Amino acid sequence: MAETIWRPQGRARRSTRALRVRTSAAVLAVVVSAVLIVPPLAQLDQQAVDLAAKLQPPSWAHPFGTDDVGRDLLLRCVYGLRVSLLVGLVAALAATVIGTAVGAAAGALGGRTDRLAMRAVDTLSSVPHLLLGVFVVAVFRPGVWPVVASVAATHWLSTARIVRAEVLSLRGRPYIDAAVSGGASRWRVAVRHLVPGILPQAGLAAVLMIPHAMWHESALSFLGLGLPAHQASLGGLVQGGRGSLLAGHWWPTLFPGRLLIVPTLAVAGLAGAWRERRNPRRRSELTL
Amino acid sequence: MLELKDITAGYDRRAPVVRGAHLTLRPGESLGLLGPSGCGKSTLARVVALLHRPERGTVTLDGHAVTGFSHRAPRSLRTAVGVVFQQPRLAADPRLRLRDLVAEPLRATGRRTEAAARVGELAERVGLGADLLSRRPHEVSDGQLQRACLARALALRPRWLVCDEMTAMLDASTTAALVAVVEDYRDRTGAGLLAVGHDPVLLGRWCGRTTHWNEIVKD
């Protein structure tokens, strides 16, 4: 007899999805409002050094503990998350715009343009993108914008591929033929029919890019190539706390690391639910 | 005059779908093209509508030898041929309301101001109710959507009409209604018609002349 696997269905499945969406949205709202509200309201100096209170474990006064020069880690984490979110949002947006433009041009124009653009994408993808990012950052002085540029410059490739594939599939549809026959220019076909058709995919790629870009920023900061040392960033905090890890001080690395994972999961939860909602037909394939 | 000479066309150079097709259509004439499925009728229809570039052969439209196809064809030539496709679901952008679907050719050719009036007039002619115009393609039936597609094809008053299995998906009454709309349009404007299909009874009653696929392609 075939074994039946129980899987929530109907109302149960919808309610687990609703729970996931609500949890993700709530977590994301808390994180975003924390980074937006705390710094201007609290008027606390995240760089205030207190050597007498260095490496204190979590307590009521310092919920996340203090680092090796006595700075409050909760405050540092909020500032770090602020930078990470900013880099994530801006870099993901820039990468999506570049990727969509290149992918749409390659797919819509076809022929030699397509081959050239896609070979360029292949060439860039063949270089490990962290290495490429390190190169971009190394050219400029450390700061937020070089990091954004480095992340954007290396992350548009997958979006370009997704968008090109989507454009190619749309381009062969009869409604594009009908538009051409109705006198539409290339530009009008692109703006009126192709771009609206690829927006769901490009939007999803952009949203999933945000956590990816945050991780990339943290990786660069961890390697010491991101922000200058006095500016908090999650990767920089993990890097700074690494030294005291062997001495048993777990909190300077654990909390920034957790804060990197939490928004990632929240964004992934929302994006997954949105994708299921957008395309009910694909839902069964996704939950297999 | 619409003239196709020695057209070879397809999607793979080594295995063309259409080999050496000849076709002549005089203004005001209606020609039914019969053939089994998969023989290349639709590809030929796309060539006639200037949407597909043939590998060999010449297309002459109203005295102009066509040199570019699809976007490369001059707009005045492209819009001289109206096309209705077999599957309205695929031929309609799922995001556009029927009103915008019908108005799209007018907007694309810069005749935005007359769009609203013209859409109303076309909708009435093809038998689309005003309430349907604000719906999207997934909210109407195949027959209703095909009526909208026919209205779109007539929006720019083409001198030639290509109906590629226009009624294959439809019931008898809708078929009769759509054929009547096409014939009414041709009576008033004197447009030529190429109707592609596989139903000899329908094409025999609809068109002045019918021909079989085997007669227009060379062996």
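1. Contact here means heavy atoms within 4.5 Å. By that rule, 27 residues of chain B and 17 residues of chain A take part in the contact of the two chains. The model is predicted: local features need pLDDT of at least 70, side-chain atom pairs count only at pLDDT 80 or more, and totals for chains, interfaces and linings use all residues. Residues are numbered from 1 along each chain as its sequence is written, chains are lettered from A and ligands numbered from 1 in the order in which they are written, and side-chain values use heavy atoms, with hydrogens and water left out.

2. The size of an interface is often given as the accessible area lost when the parts come together. Chain B and chain A bury about 1,900 Å² between them, and carbon and sulfur atoms give 53% of this. Buried area is the accessible area (1.4 Å probe) that two parts lose on being put together, summed over both.

3. Three salt bridges are found across the interface of chain B and chain A, a salt bridge being a side-chain nitrogen of Lys or Arg within 4 Å of a carboxyl oxygen of Asp or Glu. Glu104(B) and Arg188(A) form a salt bridge through their side chains, at 2.9 Å from N to O. Between chain B and chain A there are also 10 residue pairs in polar contact, both residues at pLDDT 80 or more. A polar contact is a pair of N or O atoms within 3.5 Å; within protein, one must be able to donate a hydrogen and the other to accept it, and residues adjacent in sequence count only if both atoms are side-chain atoms.

4. On the side of chain B that touches chain A, two or more residues each come from helix H2 (75-78), strand S6 (81-84), helix H3 (88-91) and helix H4 (98-108) of chain B. H4(B) gives the largest share, five residues. This side of chain B divides into 12 nonpolar, four polar and 11 charged residues. Ala, Val, Leu, Ile, Met, Phe, Trp, Tyr, Cys and Pro count as nonpolar, Asp, Glu, Lys and Arg as charged, and the others, Gly among them, as polar.

5. Chain B is divided into domain 1 (1-80 + 158-219) and domain 2 (94-157), with bounds from an automatic or database domain assignment. The C-alpha centres of these two domains of chain B lie 23 Å apart. In chain B, 16 residues of domain 1 are in contact with 13 residues of domain 2.

6. The two domains of chain B bury about 1,300 Å² between them, 70% of it on carbon and sulfur atoms. Within domain 1 of chain B, the most area is lost to domain 2 by Pro158(B), Leu178(B) and Val181(B), together 32% of what that side buries. Zero salt bridges are counted between domain 1 and domain 2 of chain B, with two residue pairs in polar contact (both at pLDDT 80 or more). Helix H8 (residues 172-189) of chain B gives the most to the domain 1 side, with eight residues.

7. Chain B has 10 helices and nine strands, whereas chain A comes to 10 helices and zero strands. Helices (H or I, at least four residues) and strands (E, at least two) are DSSP runs, numbered from the N terminus. The C-alpha trace of chain B spans about 50 × 35 × 35 Å along its principal axes; that of chain A spans about 80 × 60 × 45 Å.

8. In chain A, Asp122(A) and Arg119(A) form a salt bridge, with their closest N and O atoms 3.1 Å apart. These two residues are separated by about one helical turn because they are three residues apart in helix H3 (residues 111-126) of chain A.
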